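Let's take a walk through this structure together, one stop at a time. Keep the 3D view open as you read.

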Amino acid sequence: MDDDLPTDFQVIVVGTGMVESIVAAACSRIRKNVLHMDSSDHYGGLWASYNFDGLQKFIKEVNSDPKKQVQVYNLSEKWYIEKESPELENKDEENKTDDSKSEQVKKVWSQASFATEYRKFNIDMTPKLLFSRGPLVELLISSNIARYAEFRCVTRVLTWLDDRLMPVPCSRADVFATEAVSIVEKRMLMKMLTSIVGYNEEEMNNEFKDWESKTFKEYLEHKGLTPNLIHYVLYAIAGGTNAMPCLEGVKECKKFLMSLGRYGNTPFLWPMYGSGELPQCFCRLCAVFGGVYCLNRPIDKVATKTIDEGKNMITIDSKSKTLNCEHLVIGINECPKELLSTESVESCDISKAVFITNGSIMKSDKEPLTLLRFPPLAEGDNTVTVLEVGPATGSCPKGLFVVYFITNKVKDAETDLKPYAERIFDMSGGDQTEATEKPKCLWSLFCNLKDTSAPVASVAAGVHVCSGPDAGLDFDRAVLQVHSTPPQRLLYVQSDSSGYSVTLCSAT
Amino acid sequence: MPDMEDYKFLFKVVLVGNAGVGKTCLVRRFTQGLFPPGQGATIGVDFMIKTVEVDGEKVKLQIWDTAGQERFRSITQSYYRSAHALILVYDISCQPTFDCLPDWLREIEEYANNKVLRILVGNKTDREDREIPRHIGEDFAQRHGMYFLETSAKEAENVERLFMEIAVELMEQAKCKELPKYDGSLGPINGKTTSVGDGSCCLRS
């Protein structure tokens with residue numbers, strides 16, 4: 001069937017990660033003739049979501065293929081529960097009615113029950129949030145791609161303060177409702193937040209002209225904020241560390257505050273069924289406008305030549321077929337080494353962990369969707385971003401939560417993240433029905449990911465390299481790689497009343 | 001909110017099946033009353049909408065096409081999400097399109113909601129070179145718990161009936177609350193969306 005594949009395209013996109021998919025959609029939208037391929041049998045590459053079965057396959061694949069371990073390494077999976085459920089547990093069948101809220105007794109999960117419900121899991125390789133007024137939300141709306149996806153609002157932002165979890169007041173209502181800060185502090189905090197959002201460019205320049213080489217923490221101290229408030233603003237709202245430069249802190253705060261009040265109580269949205277849905281939505285748009293899709297299609301060889309007047313001709317060998325195009329857009333992990341510029345780029349690998357637990361890290365009336373930002377617990381650590389998603393997001397069966405941990409790598413994923421996990425989970429295994437303060441960790445996965453998020457140039461004209469996932473909280477880096485100005489841009493997309501215009505920039 | 005139209009229910013119906021079995025023609029025939037002959041791959045069609053009346057109530061059917069991604073078996077999983085009904089189509093004059101049904105079912109089982117209403121459709125009954133007898137299709141549908149219908153988009157045979165039966169059945173399910181739920185408390189059933197609140201939301205400009 002593959003042999004019907006046409007061979008001549010204006011643009012061929014290889015890899016279905018976020019950046020590649022945005023480019024594919026943009027090119028197709030302006031009626032370029034696009035072929036979009038992926039060597040694997042599913043969409044998303046390192047941005048994919050997997051059900052539990054798919055995840056097991058992914059783990060096996062990585063562990064048996066040294067080539068894959070260039071991107072993903074130190075991958076280790078661990079169970080904290082029995083293989084099979086105890087017999088008596090079958091009583092559960094009684095409350096099979098769909099909206100039974102009567103589940104008094106906690107379900108005892110086993111590895112077998114995970115396997116039975118494998119379809120209900122959607123576990124992300126690159127979990128990310130969207131800022132409600134961030135560039136991705138605007139792009140989804142302006143391109144109509146929003147209709148292909150559903151979102152949930154993050155219901156709360158937490159931080160780790162004085163050895164316990166604390167909700168971070170982020171909206172005006174929150175600030176006034178919280179009991180964690182005094183009235184004087186409330187006024188101080190409101191004043192601070194309001195002024196940061198309110199500054200126009202000139203006021204910004206005035207206010208911060210002497211702060212360029214100083215830290216955000218110093219600025220907050222200078223403003224007379226109490227240690228509690230500094231903690232909220234610096235770690236939870238700006239997501240920074242003590243070393244965060246002042247202007248970066250201000251920028252991050254502003255981004256957070258500007259996104260408040262559009263869709264919910266926090267600035268964030270989470271895609272239903274996981275972040276891995278989003279690249280697929282861009283692919284759908286590409287297909288709707290005529291893009292040809294072909295998974296399971298590895299490439300063997302890429303050759304480039306210049307025909308007259310700077311016109312490129314790129315040929316790709318794939319499964320005994322030769323494909324031709326003017327522009328090749330390729331994910332960095334799929335790109336033949338000889339096409340990449342050897343110029344070194346700054347990089348810091350990512351430490352990641354996924355946990356499945358039997359309860360939320362902090363009790364709540366309604367099912368919560370939580371962002372927790374851990375300040376560094378030890379000298380030399382980075383901040384740790386934690387996302388907890390539940391059954392209402394389509395991430396897991398009822399009664400469970402999926403919790404993601406992401407940080408910049410220091411040693412290895414397990415060493416970097418386990419101390420943080422132990423603060424909020426009970427990782428001892430043991431009786432799941434036992435009433436404990438912390439939720440039980442039932443399963444864990446640690447891994448390190450090579451950082452491929454920096455833009456890399458290609459040495460061949462007409463070849464455009466897309467970056468891989470970064471450790472950031474949102475998709476902004478991926479979106480800005482496509483929709484921004486030089487030099488970061490890969491190609492330039494503009495939308496106006498007549499549709500889109502795209503210029504593929506030569507990568508130099 | 002711009003989309004507060006006059007309808008009581010909104011259902012998402014998706015079509016799957018091999019390339020060339022007539023998925024787009026079925027949709028076009030139903031929504032526009034057209035049969036475009038010699039149509040190539042589907043371009044620019046995202047979904048089509050038709051509002052029908054069941055028991056005096058307006059029901060809006062949003063019918064999604066594969067956008068050609070079925071050609072090399074590369075349909076996105078997200079296509080199957082939040083579908084209320086799924087129409088699996090084969091061509092009664094083309095054995096290979098019938099032989100692929102188990103593959104399609106596997107994909108449906110993997111990604112679609114397990115409560116989704118599933119209908120098997122043998123299209124192109126106008127053709128004289130039938131390869132799959134009606135009872136074979138019927139058997140297959142029965143074995144896999146699907147409704148079954150043979151249609152001809154060209155002759156407009158059973159096309160109206162196909163979608164009307166889907167509308168009736170989905171409405172029945174909606175009334176007994178057996179419909180797949182996608183939003184917890186905020187079902188897509190009434191077509192309303194919230195822009196503020198901690199439930200789910202749709203992005204609106």
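Before the first stop, a word on sorting residues: Ala, Val, Leu, Ile, Met, Phe, Trp, Tyr, Cys and Pro count as nonpolar, Asp, Glu, Lys and Arg count as charged, and the others, Gly among them, count as polar. Also keep in mind that what you're looking at is a predicted model.

With that sorting in hand, head for the second largest pocket. Its lining splits into twelve nonpolar, eleven polar and eleven charged residues. That lining has 34 residues, and the ones nearest the pocket's centre are Glu248(A), Glu252(A), Gly472(A), Leu473(A) and Arg477(A). Three elements of chain A give two or more residues to it: helix H10 (246-258), strand S19 (401-408) and helix H13 (476-482). H10(A) provides the largest share, with four residues. The volume of this second largest pocket is about 1300 Å³.

Now hop over to chain B and look for strand S3 (residues 57-64). Is this strand enclosed or open? Six of its eight residues are buried, so S3(B) is largely enclosed by the rest of the structure. It has strand partners, too. Strand S1 (residues 9-16) of chain B runs parallel to S3(B), and six bridges join them. For one pairing you can find by eye, take Phe9(B), whose bridge partner in S3(B) is Val59(B). Strand S2 (residues 47-54) of chain B runs antiparallel to S3(B), with eight bridges between them. Here Ile49(B) stands opposite Gln62(B) of S3(B). S2(B) and S3(B) form a hairpin with two residues between the strands, and in it Asp55(B) takes a positive phi near 50 degrees.

Next come the charged pairs. Side chains of opposite charge can pair when their charged atoms come close. Counted over all chains, there are 27 salt bridges. Let's visit a few.

Back in chain A, Asp53(A) makes a salt bridge with Lys57(A), with their closest N and O atoms 3.8 Å apart. Asp53(A) is partly exposed at 33% relative accessibility, while Lys57(A) is exposed, with a relative accessible area of 52%.

In chain B, Glu109(B) and Arg118(B) meet in a salt bridge at 3.1 Å, N to O. Arg118(B) is buried, with a relative accessible area of 18%, whereas Glu109(B) is partly exposed at 43% relative accessibility.

Another chain B salt bridge joins Arg130(B) and Glu150(B), whose closest N and O atoms are 2.8 Å apart. This pair links distant parts of the chain, 20 residues apart: Arg130(B) is in the loop between strand S5 (117-123) and helix H4 (134-143), and Glu150(B) is in strand S6 (residues 147-150). Glu150(B) is buried at 5% relative accessibility, and Arg130(B) is partly exposed at 37%.

For the last stop, which residues of chain B link up in a network of salt bridges? They are Arg73(B), Asp103(B), Arg106(B) and Glu107(B).

Notes. Residues are numbered from 1 along each chain as its sequence is written. Chains are lettered from A and ligands numbered from 1 in the order in which they are written. This is a predicted model: local features need pLDDT of at least 70, side-chain atom pairs count only at pLDDT 80 or more; totals for chains, interfaces and linings use all residues. Side-chain values use heavy atoms; hydrogens and water are left out. A salt bridge is a side-chain nitrogen of Lys or Arg within 4 Å of a carboxyl oxygen of Asp or Glu. Buried means under 20% relative accessible area, exposed over 50%, partly exposed in between (1.4 Å probe, protein chains only). On a 1 Å grid over the protein atoms alone, a cavity is a set of points where a 1.4 Å probe fits but cannot get out, and a pocket is an open set with protein on both sides within 12 Å along at least five of seven lines; lining residues have an atom within 4 Å of a point. Grid points are joined across faces, edges and corners, and a volume is the space filled by probe spheres set on the points. Two strands pair if DSSP finds at least two bridges between them.
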